[in-house]
Amino acid sequence: MNTDRPIYLSLTQFKFPLAAIASIAHRVTGIVVFAGIALLLYLLDLSLRSQAGFELARALLSGTLVKLCLYAVVGNLIYHFVAGIKHLLLDFHVGDSLAGGRLAAQLTIAVSIVLIGLAGVWLW
């Protein structure tokens, strides 16, 4: 009987490579974008109902909390889009080596940070 096997594994003990973190973040941002669409659809519906609804949606969008929520959705959408392009390139065997995966993850994060920063400037 092999007694060298660990009995309890804690995910906090593992050091995930950057490519794994980028892939997990891609999945998480997809969930956040899916949930954030509810806020965007509510604001669209509100703005299209009537003139008063449009003014209410405009007033809501001027609030800091709604702007932060909108920024979070847009930021997650940007990361999800950039990581999706990376995954699409992987389907064509571009950067599917270990070094290529590491570089692609670094580029995904760097490009996303720049684009999310530009989106923040645009929103405010």
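User: Which residues of α1 are buried?
Analyst: Ala22, Ser23, His26, Thr29, Val33, Gly36, Leu43, Leu46 and Ser47 are the buried residues of α1. Buried means under 20% relative accessible area, with over 50% being exposed and anything in between partly exposed (1.4 Å probe, protein chains only). This is a predicted model, where local features need pLDDT of at least 70 and side-chain atom pairs count only at pLDDT 80 or more, while totals for chains, interfaces and linings use all residues. Residues are numbered from 1 along each chain as its sequence is written, and side-chain values use heavy atoms, with hydrogens and water left out.

User: What covers the buried residues of α1?
Analyst: The cover includes α2, α3 and α4. Helices here are DSSP runs (H or I, at least four residues), numbered from the N terminus.

User: How does the span of α1 compare with what its 32 residues should give?
Analyst: It agrees, because 32 residues at 1.5 Å a residue should span 46 Å and the end C-alpha atoms of α1 are 46 Å apart. The expected span is 1.5 Å times one less than the number of residues.

User: At what angle do α1 and α4 cross?
Analyst: At roughly 50 degrees, and their axes come within 8 Å. Axes are lines fitted to C-alpha atoms, for helices over the stretch in contact, and angles run from 0 to 180 degrees between N-to-C directions. α1 and α4 are therefore oblique to each other. Under 35 degrees counts as roughly parallel, over 145 as roughly antiparallel, 65 to 115 as roughly perpendicular, and the rest as oblique.

User: Which residues meet there?
Analyst: From α1, Leu18, Ala19 and Ala22; from α4, Gly101, Ala105, Gln106 and Ile109. Contact means heavy atoms within 4.5 Å.

User: New topic. How do α3 and α4 pack?
Analyst: α3 (residues 64–91) and α4 (residues 98–123) pack at about 150 degrees, with axes 9 Å apart. That makes α3 roughly antiparallel to α4.

User: And what classes of residue make up the contact of α3 with α4?
Analyst: There are 15 nonpolar, five polar and two charged residues. Ala, Val, Leu, Ile, Met, Phe, Trp, Tyr, Cys and Pro count as nonpolar, Asp, Glu, Lys and Arg as charged, and the others, Gly among them, as polar.

User: What do the buried residues of α3 pack against?
Analyst: Against α1 (18–49), α2 (51–61) and α4. Among the buried residues of α3 are Val66, Leu70 and Asn76.

User: What happens just after α3?
Analyst: His93 takes a positive phi of about 60 degrees.

How values were computed
Helices (H or I, at least four residues) and strands (E, at least two) are DSSP runs, numbered from the N terminus.
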